[in-house]
Amino acid sequence: MQRETLQTLEQEVDFLPLNGTDHIEFYVGNAKQSAYYYQSAWGYELIAYAGPETGVRDRASYVLKQGKVTLILTTAMDPDSDISNHVKAHGDGVKFLSLWVDDATKSHEEATKRGAKSYMEPTRFEDEHGYVVISAIHTYGETIHKFVERSNYNGAFLPGFQKPSHKLDVEPVGLKHVDHCVGNVELGKMDEWVKFYEDVLGFKLLLTFDDKDISTEYSALMSKVVSNGNGYVKFPINEPAEGKKKSQIEEYIEFYKGAGVQHIAVATDDILHTVGELRRRGIEFLYVPDNYYEDLTQRVGKIDESIEDLKKLNILVDRDDEGYLLQIFTKPVEDRPTLFYEIIQRCGAQSFGKGNFKALFESIEREQARRGNL
Ligand code: FE2
């Protein structure tokens, strides 16, 4: 078949083209203070604000940006709102994984006609900088996917947001873009959600990890990774598996009170710099024992970075057919053992660090045990 015909065919098959992650919105207990954390520790720049001072009565939202990563932190003014109820149930957590599309109306129509439950019909928002169209559908737990169409808008973020009146001078740490966002779902629900992404959003199953890949002496989990057509959006989905003790996924679900976003992986081009800076600013990472590094070169072959430097910062390495990757995981970033971050530098590898799972999960279990939840 001609290459052009093949491409046309691929485009036809991708009924829901995505340009990438638009933003991730958290519902939190105190957005003003969380915004300070993301600015001072993570080096995000506060680019926009909406709240009582800008005519928004029911909430305050802070928009933070570094590279192509955009986060919104939102707190309710009213104790009975959806936002307050979400925080009461889940603690601070991800409400919207918002996807950047060219046509939010068509995205909503394609997804809902394939079975997605609508959260918001396509809606136009405008101000002096142009207009956007946003629609939204439900996914696992109380998490929502927004479709954001912004080609006719050139303001700071979205209509309704203004430049902040006060912000910190920040030092970025080299965060580039969202690499993948992982969801934890209840026991036995992983395949249902994989099917949802395949049928409703046209994603493809990329990888499967079973409990033999991801188990330690004590606990296990299973994971499948789905990706959209162009590979810009990747969602691994985890579920707990039977083990001698409690799976880290069960611990998450117990404390989040249901399914939700477990971790957000953010890409950097220089993980030694990024992690060095984050550590200096007080971000806590999972600990991997020194013996992880003893036979590392035999396991992963030659890499550009010095093993000594990686060991000092506790950065992990894995290799696949296409190259290698460097990665590290933070401890949970709120008091409930729920959401955490991954920092990842891809040097060719397109996988997810399978070779590190055992070392990592043993490390997570040590933390679970310290919390009394293993
Ligand atoms: Fe990850």
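**Note on the interface between the two domains**

1. The number of salt bridges between the two domains is zero, a salt bridge being a side-chain nitrogen of Lys or Arg within 4 Å of a carboxyl oxygen of Asp or Glu.

2. The model is predicted: local features need pLDDT of at least 70, side-chain atom pairs count only at pLDDT 80 or more, and totals for chains, interfaces and linings use all residues. Residues are numbered from 1 along each chain as its sequence is written, and side-chain values use heavy atoms, with hydrogens and water left out.

3. Domain 1 covers 15-149 and domain 2 covers 175-371, with bounds from an automatic or database domain assignment. Their C-alpha centres lie 24 Å apart. To the contact (heavy atoms within 4.5 Å), domain 1 brings 45 residues and domain 2 brings 41 residues.

4. About 3100 Å² is buried between domain 1 and domain 2, and carbon and sulfur atoms give 67% of this area. Buried area is the accessible area (1.4 Å probe) that two parts lose on being put together, summed over both. In domain 1, the residues losing the most area to domain 2 are W42, H90 and Y140, together 23% of what that side buries.
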